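Visitor: I would like to go through this model element by element. Please show it first.

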Amino acid sequence: MTAPNDAIVATPINTVVLQNMLPTAKSLPASFRKALKVTLALVLLLLIVGFVLVRVSGLWGILFPSHQHDTVAPVLPELHAPAILVFSKTNSFRHVDGIEGGGRALKAIAGERDWDVFATENGAVFNDTDLGLYQAVVFLNATGDMLSERQELAFQRWLEAGGGWLGIHAAGDGSHSGWRWYRDNLIGADFTAHILGPQFQVASVIMEAPDHPLARQIPTTWEHEEEWYSWAESPRTEGFTIVATVDESSYSPYQKILGRETDLRMGDHPVVWSRCVGRGRAAYAAMGHSAETFDNPVFRDLLGNALSWAVGEVRGECQASKGGR
Ligand SMILES: [Zn+2]
């Protein structure tokens, strides 16, 4: 009896006919073979260059966002209060320069005040015991789904019990959308886009709450070059305290991509804001894309103010008491 598949098994004659029909590499003209090799080499080169650019530019995390969560906490150095935890884990876009320059600036600011700083990208440090050693936590361009639910809850408990938090730039870029408590309590707005064409522009920042602890000795109006962010609505509508806004008439608040222009004007356009969270204090600053951003002395002063307030050394908004937690 014949197996059903026997009918479609190629016979030796069929194979010979097929081979004669297909051109072999040797049958192609030499000039065509050379052109083919050059084209393949160029495509390979473009792929390699593209891969390197995507990695170096930080875009990799946007194209391939990660959901990796750390499980083994880092070994912590001996810490003395006030101590600050700088967290820069990036499971989405990575601000390579902003993290490096920001880390340097935060260490310098803390060093001037004799505070301890520990910088890590290990999310397992977000547990009750380790967080209890810190008076303030900074999300320095930390992006994406960077913490497990258990780690998120540990941070929430720590902050509500009297901790201080400072979010910098990409901490408000909307990539943390899976963490609703974070969006509602620390950011209070839905990110839309940042300016492009040009991506970095000098704009006027206006301090609108001169008595706020973050505004101490900061000029009422100051200039800053930044990749300015926009949100669907001002966090003022959700009860956040607005510390500073950006003057939309002082720069071009548009995103221009391939001839398409998106209007990013908000009208009321905050760039620094704060909120009391339980017994804790939270502040967010939209600046911080590049390393150069942190060279602006006014922005550095503002960061110093934010940290002094976050660790509880300065009273004011949220009635922080000296000594922090
Ligand atoms: Zn940025």
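Visitor: Which residue with positive phi follows α4?
Guide: The model is a predicted one. In it, the loop between α4 and β2 holds a residue that has a positive phi of about 65 degrees although it is not a glycine. The residue that follows α4 is Asp114.

Visitor: In which loop is Gln217 placed?
Guide: Gln217 is a residue other than glycine with a positive phi, near 60 degrees. With 9 C-beta neighbours inside 10 Å, Gln217 counts as exposed. Its place is the loop between β6 and β7.

Visitor: What span does α4 reach from its first C-alpha to its last?
Guide: Helix α4 covers residues 96-112, which is 17 residues. At 1.5 Å a residue, 24 Å is expected, and the value in the model is close to that: 25 Å.

Visitor: Which strands does α4 lie across?
Guide: The buried residues of α4 include Gly98, Ile99, Ala105 and Ile109. Among the elements that cover the buried residues of α4 is the helix α8 (297-310). Against β3, α4 runs at about 155 degrees. The strands that α4 lies across are β1, β2, β3 and β4.

Visitor: What angle does the direction of α8 make with that of β13?
Guide: Like α4, which lies across β1, β3 and β4 among other strands, α8 packs on the sheet. It touches β1, β3, β4, β7 and β13 (280-285). Its direction makes an angle with that of β13 of about 165 degrees.

Visitor: Which are the edge strands of the sheet?
Guide: The sheet is open, with 9 strands in mixed pairing, in the order β2-β1-β3-β4-β13-β12-β9-β6-β7. An edge strand pairs on one side only. The edge strands are β2 and β7 (221-226).

Visitor: Which residue of β2 is the bridge partner of Ile84?
Guide: β1 and β2 run parallel and are joined by 5 bridges. In β2, the bridge partner of Ile84 is Val117.

Visitor: Where does Pro198 lie?
Guide: The peptide bond from Gly197 to Pro198 is cis, with omega near -5 degrees. Another cis bond runs from Ala81 to Pro82, and Pro82 lies in the loop between α3 (60-63) and β1. Pro198 is found in the loop between β5 (191-194) and β6 (201-207).

Methods. Residues numbered from 1 in each chain as written. Predicted model: local features only at pLDDT ≥ 70, side-chain atom pairs only at ≥ 80, totals over all residues. Helix = DSSP H or I, 4+ residues; strand = E, 2+ residues; numbered from the N terminus. Expected span 1.5 Å × (residues − 1). Buried ≥ 20, exposed ≤ 12 C-beta atoms within 10 Å, placed from the backbone. Contact = placed C-beta atoms within 7 Å. Pairing = 2+ DSSP bridges. Axes fitted to C-alpha atoms, helices over the stretch in contact; angles between N-to-C directions.
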